[in-house]
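Student: I would like to learn how to read helix packing and surface patches from a model. Please go through an example with me.

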Amino acid sequence: TNAYIDQFYNSTWAGVRMNMPLFTSFRNSNLLSSAKASFSASESAQENAKNTITQQVLAAYINGLAQQENIKNAEKQLSNDSIQYLRLMTRKDAGLITKTEEIQLLNQLKADELVFLDAQLNYEIAIAELSRLLNAELSLTTELSPLEPATSANIPVKSAINEQLPQFTEANWRLKSIRDNIRATKALSYPSIELSGDYGTFYASSNPERSFSQQLNDTRNGSISIGLNIPLLRGLQNRPQIQEQKVREIMIQNDLDRTRLQLNQDLKLATTRYQNLKQRFETANSLYLLSEENMNLIQYQVNAGTATMVDFLLAQTNMERALNSRTNAKYQLIHQEKLLQFYTTGKFDFGE
C-alpha cells in the first residue's frame with residue numbers, strides 16, 4: 001500500500017534463479033577434453049602394468065619349460081646309462097670287462113641321477129614362481145604346453161619401436177591433458193558471457209486486505225539478462241598457475257623422450273640378442289646332432305669291444321653338455337622372440 005507502518009509482520013518469499021554460461025572462451029570444453037585425456041592416460045598406465053606382469057609371467061613360463069625339458073633330457077641320459085649298464089653286466093658275466101669299468105659306469109649313473117633330481121627341484125621351483133605370479137594354485141606336477149622357436153616366422157628385426165606401446169600412449173595422453181588444462185586456465189583471463197534469469201513472488205502479513213494466494217499472484221515478477229564479464233586483473237592470478245603447468249608439461253615431454261630412447265635401445269639390444277641366440281641355437285642343435293651320432297657310434301663300438309668305457313663316458317658327457325646347451329639356447333631364443341615381437345607390434349604372441 002506504500003503506507004508507513006510500525007508493527008510486527010511475517011513475510012514469505014519464494015523464487016527461482018537460473019545462470020547458464022553462454023561463452024566461457026572454451027574453458028569448459030578444454031576441461032572436459034583434459035579429463036578425458038587423463039582418463040585415457042590412466043587406462044594406458046593400467047595396460048602398461050598388465051604388460052609388465054605379462055613379461056614376468058612369460059619369463060617364468062619359459063623357465064618352467066626349460067626345466068621341464070631338462071627333466072626329459074635327464075631321463076633320456078638315465079635310460080642310456082641303464083641300457084648300457086645291462087649290456088655291461090652281460091659282458092661282465094662273460095669276463096670281458098674289469099671292475100674298474102663297472103665302477104666308472106656306476107659313477108656316471110649316480111651323477112645322472114643327481115642331475116635328474118636337480119632338474120625336478122628346479123622345475124618345482126619354477127612352477128611355484130609361476131603360481132605366485134598368476135596368483136593361482138598350480139600343482140607341482142603341472143605339465144606346461146610346449147613352445148618352439150619361430151624359425152620359419154618373419155621376425156621384424158629392423159622395425160622401429162611401436163609407438164602404440166602403452167608407455168608412449170600414457171605420456172602422450174598426459175601431455176594432451178596438461179595442454180588442455182593450460183588452455184582452460186588461460187580462458188579465465190578472457191571475457192565470458194552468461195545468461196541469467198530469475199522469477200519470484202512475495203507475501204506479507206501486514207496487508208490483510210489481500211489473501212496469501214492473492215498476494216503471491218500480485219507480486220509475481222521475473223527477469224532475463226545477458227551479462228558480459230571482463231576480468232581485468234585475473235591474468236595476474238593465473239600466470240603462476242600457467243607457469244607451473246608448463247613446467248609439468250616439460251617434465252612429461254622429457255619423460256616421453258627418455259622412454260622413447262630407452263625403448264629404442266631395448267629394441268636394438270633385443271634385435272642383437274635375437275640374431276645371436278638364433279645362431280647360437282642353430283650351432284647348439286648341430287653340435288647336439290653330432291654328439292648324438294658320435295654317442296651311437298661309441299655305443300656300437302663298446303658293444304663290439306673295440307672301445308673302452310672311458311670312450312663311452314666321454315661321449316656321454318659331451319652329449320649331455322650339447323643337450324644342455326641346446327635347451328638353454330632354445331628357450332632363450334623363444335623368450336627373445338616374444339620380447340622382440342612385443343616391441344615391434346605392441347602385443348605378445350603366445351601362439352594358439
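Predicted model: local features only at pLDDT ≥ 70, side-chain atom pairs only at ≥ 80, totals over all residues.

Student: How are two packed helices described?

Tutor: Two packed helices are described by the angle between their axes and the distance between the axes. Here, helix 2 (residues 99–134) and helix 6 (residues 309–345) have axes that come within 9 Å and cross at roughly 15°. Angles under 35 degrees count as roughly parallel, so helix 2 is roughly parallel to helix 6.

Student: At what angle do helix 3 and helix 5 pack?

Tutor: For helix 3 (residues 166–187) and helix 5 (residues 234–304), the angle is about 165°, and the axes are 9 Å apart. The cut-off for roughly antiparallel is over 145 degrees, and helix 3 and helix 5 are therefore roughly antiparallel to each other.

Student: Which hand does each crossing have?

Tutor: The crossing of helix 2 and helix 6 is left-handed. The crossing of helix 3 and helix 5 is left-handed too.

Student: Now the surface. Which residues form the nonpolar patch?

Tutor: The patch consists of Met18, Met20, Leu22, Phe23, Phe26, Ile193, Ile226, Leu228, Ile230, Leu232, Leu233 and Leu236, and together they have about 1,300 Å² of accessible area. Two elements give two or more residues to this patch: strand 1 (11–23) and strand 3 (221–229). Strand 1 contributes the most, with 4 residues.

Student: Where is Met18 placed, and is Met18 buried, partly exposed or exposed?

Tutor: Met18 lies in strand 1. Its relative accessibility is 41%, so Met18 counts as partly exposed, a class that runs between the buried limit of 20% and the exposed limit of 50%.

Technical notes
Residues numbered from 1 in each chain as written. Heavy atoms only, no water. Patch = residues over 30% accessible without salt bridge, like charges linked within 9 Å, V, L, I, M, F, W, Y side chains within 5 Å. Areas by Shrake-Rupley, 256 points an atom, 1.4 Å probe, with all protein chains shown as cover. Salt bridge = Lys/Arg side-chain N within 4 Å of Asp/Glu carboxyl O. Buried < 20%, exposed > 50% of the residue type's maximum accessible area, 1.4 Å probe, protein only. Axes fitted to C-alpha atoms, helices over the stretch in contact; angles between N-to-C directions. Parallel < 35°, antiparallel > 145°, perpendicular 65-115°, else oblique. Left-handed = near helix turned anticlockwise from the far one by under 90°.
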